[in-house]
Amino acid sequence: MSEFAGKVAVITGAGSGIGRALALELARRGARLALSDVDTVGLEETARRARDLGAEVKVDHLDVTQREAVLDYAEAVAAHFGQVNQIYNNAGIAYHGEFERSEFKDIERIMDVDFWGVVNGTKAFLPHVVASGDGHVVNVSSLFGLLSIPGQSAYNSAKFAVRGFTESLRQEMLIAGHPVKVSCVHPGGIKTAIARNAAVPDGDDQESFAQFFDRKLARTSPEDAARTIVEGVRKGRPRILVGADAKFLDAWVRAVGPSYQRVVAFVSGRFVPRG
């Protein structure tokens with residue numbers, strides 16, 4: 001029997017991409033699902049597919065930046081299922097733009113969704129995950145939580161923050177002796193719509209960035225990403241690297257240290273499209 005059978009798994013950002021693929025992978029393994037997103041159309045499609053696989057599914061519109069709504073949502077999910085075993089803080093958005101040309105509001109928006117959304121979800125569900133006696137907190141960072149690149153200062157900030165937050169949380173759970181595992185996920189280039197939906201500064205060519213990401217960087221399917229994440233959760237891995245690019249670049253940065261920044265700056269200056 002699957003280790004996930006009967007477990008209650010909460011997934012934010014479940015309307016598409018990795019979130020949808022996670023929902024379907026967990027449904028195949030017998031989990032009960034609480035799915036949320038701001039994209040209600042995509043969310044309903046995910047729920048339909050999960051139910052077709054035999055999963056019990058609760059569906060809710062949720063903006064992870066709205067703290068009180070997230071807190072209320074956690075209580076509603078716990079009341080509905082009677083327990084919560086796993087929270088996958090997956091909801092996220094992208095932004096591509098040089099810091100000099102970015103507005104405060106652009107950076108704040110990324111931090112609100114990609115960092116505070118993770119904090120809100122973790123804070124809201126952690127008591128329930130602890131109470132389950134068999135809990136797991138899974139926070140989605142990025143390859144860009146392992147290394148920085150030009151044009152991604154806002155996204156890098158959020159994803160590095162997720163990594164630091166998650167690693168600290170894991171240590172606190174170990175010290176407290178709580179029955180909770182904690183994993184930080186670092187996907188590389190995944191074939192989702194995140195780049196096509198990314199915001200850019202006024203006047204920049206969003207389409208060029210999206211096409212570059214889709215053609216050059218997106219190598220891993222959401223389904224492969226979900227399988228890697230779920231297997232990492234099953235094995236209790238603290239850090240889950242998704243894709244050959246994430247594994248290679250993580251090892252490379254560890255090997256060369258801060259000098260990686262000059263290499264990335266040189267390569268980006270030659271090949272990455274600018275506004």
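A residue counts as buried when its relative accessible area is under 20%, as exposed when that area is over 50%, and as partly exposed in between. By that rule, the buried residues of helix α1 are Ile18, Gly19, Arg20, Ala21, Leu22, Ala23, Leu24, Glu25, Leu26 and Ala27. The structure is a predicted model. The protein chain holds 9 helices and 7 strands, and 51% of its 275 residues count as buried.

**The chain as a whole**

- The protein chain exposes about 12,900 Å², and carbon and sulfur atoms supply 53% of that area.
- Among the contacts in the protein chain with a separation of 6 or more, 70% are between residues 24 or more positions apart.
- A search of the whole structure finds 16 salt bridges.

**Helix α1**

- Helix α1 covers residues 17–28, which makes 12 residues.
- At 1.5 Å a residue, helix α1 should span 16 Å, and its end C-alpha atoms are 17 Å apart, so the two values agree.
- Helix α1 is mostly covered, with 10 of its 12 residues buried.
- The cover over these buried residues includes the strands β1 (8–11), β2, β4 (86–89) and β6 (180–187).
- The helices α2 (40–52) and α7 (222–234) are also part of the cover over α1.
- Just after α1, glycine 30 takes a positive phi of about 90 degrees.

**Helix α2**

- Helix α2 has 13 residues, which should span 18 Å at 1.5 Å a residue; its end C-alpha atoms are 18 Å apart, which agrees.
- The buried residues of α2 are Gly42, Leu43, Thr46, Ala47 and Ala50.
- Seen down the axis of α2, these buried residues fall within an arc of 140 degrees, so they line one face of the helix.
- An α-helix has 3.6 residues a turn, so residues three or four places apart point the same way.
- On the other side of α2, Val41 and Asp52 are exposed.
- The buried residues of α2 are covered by elements including α1, β2 and β3 (57–61).

**Serine 36 in strand β2**

- Strand β2 runs over residues 32–37 and includes serine 36.
- Serine 36 has a relative accessibility of 1%, so it counts as buried.
- Leaving out residues up to four places away in sequence, serine 36 touches Ile11, Thr12, Gly13, Ala14, Leu43, Asp60, Leu62 and Tyr73.
- One of these contacts, Leu43, is also one of the buried residues of α2.

- The side chains of glutamate 25 and arginine 28 meet in a salt bridge, with a distance of 3.5 Å from N to O.
- Glutamate 25 and arginine 28 are separated by about one helical turn, because they are 3 residues apart in helix α1.
- Glutamate 25 counts as buried because its relative accessibility is 8%.
- Arginine 28 counts as exposed because its relative accessibility is 54%.
- Another salt bridge joins glutamate 231 and arginine 29, whose closest N and O atoms are 2.9 Å apart.
- Glutamate 231 lies in helix α7 and arginine 29 in the loop between α1 and β2, so the pair ties together parts that are 202 residues apart in sequence.
- Glutamate 231 has a relative accessibility of 23%, so it counts as partly exposed.

- Arginine 48 forms a salt bridge with aspartate 52, and their closest N and O atoms are 3.0 Å apart.
- Both arginine 48 and aspartate 52 lie in helix α2, 4 residues apart, which is about one turn of the helix.
- Arginine 48 counts as partly exposed because its relative accessibility is 41%.
- Aspartate 52 is exposed, because its relative accessible area is 57%.
- Elsewhere, salt bridges that share partners join Glu3, Glu25, Arg28, Arg29, Glu231 and Arg234 into one network.

- Val263, Phe266 and Val267 make a nonpolar surface patch of about 260 Å².
- Phenylalanine 266 is located in helix α9, which covers residues 260–271.
- Phenylalanine 266 counts as exposed because its relative accessibility is 52%.

Key: Residues numbered from 1 in each chain as written. Predicted model: local features only at pLDDT ≥ 70, side-chain atom pairs only at ≥ 80, totals over all residues. Heavy atoms only, no water. Helix = DSSP H or I, 4+ residues; strand = E, 2+ residues; numbered from the N terminus. Buried < 20%, exposed > 50% of the residue type's maximum accessible area, 1.4 Å probe, protein only. Contact = heavy atoms within 4.5 Å. Expected span 1.5 Å × (residues − 1). Patch = residues over 30% accessible without salt bridge, like charges linked within 9 Å, V, L, I, M, F, W, Y side chains within 5 Å. Areas by Shrake-Rupley, 256 points an atom, 1.4 Å probe, with all protein chains shown as cover. Salt bridge = Lys/Arg side-chain N within 4 Å of Asp/Glu carboxyl O. Arc of directions from axis to C-beta.
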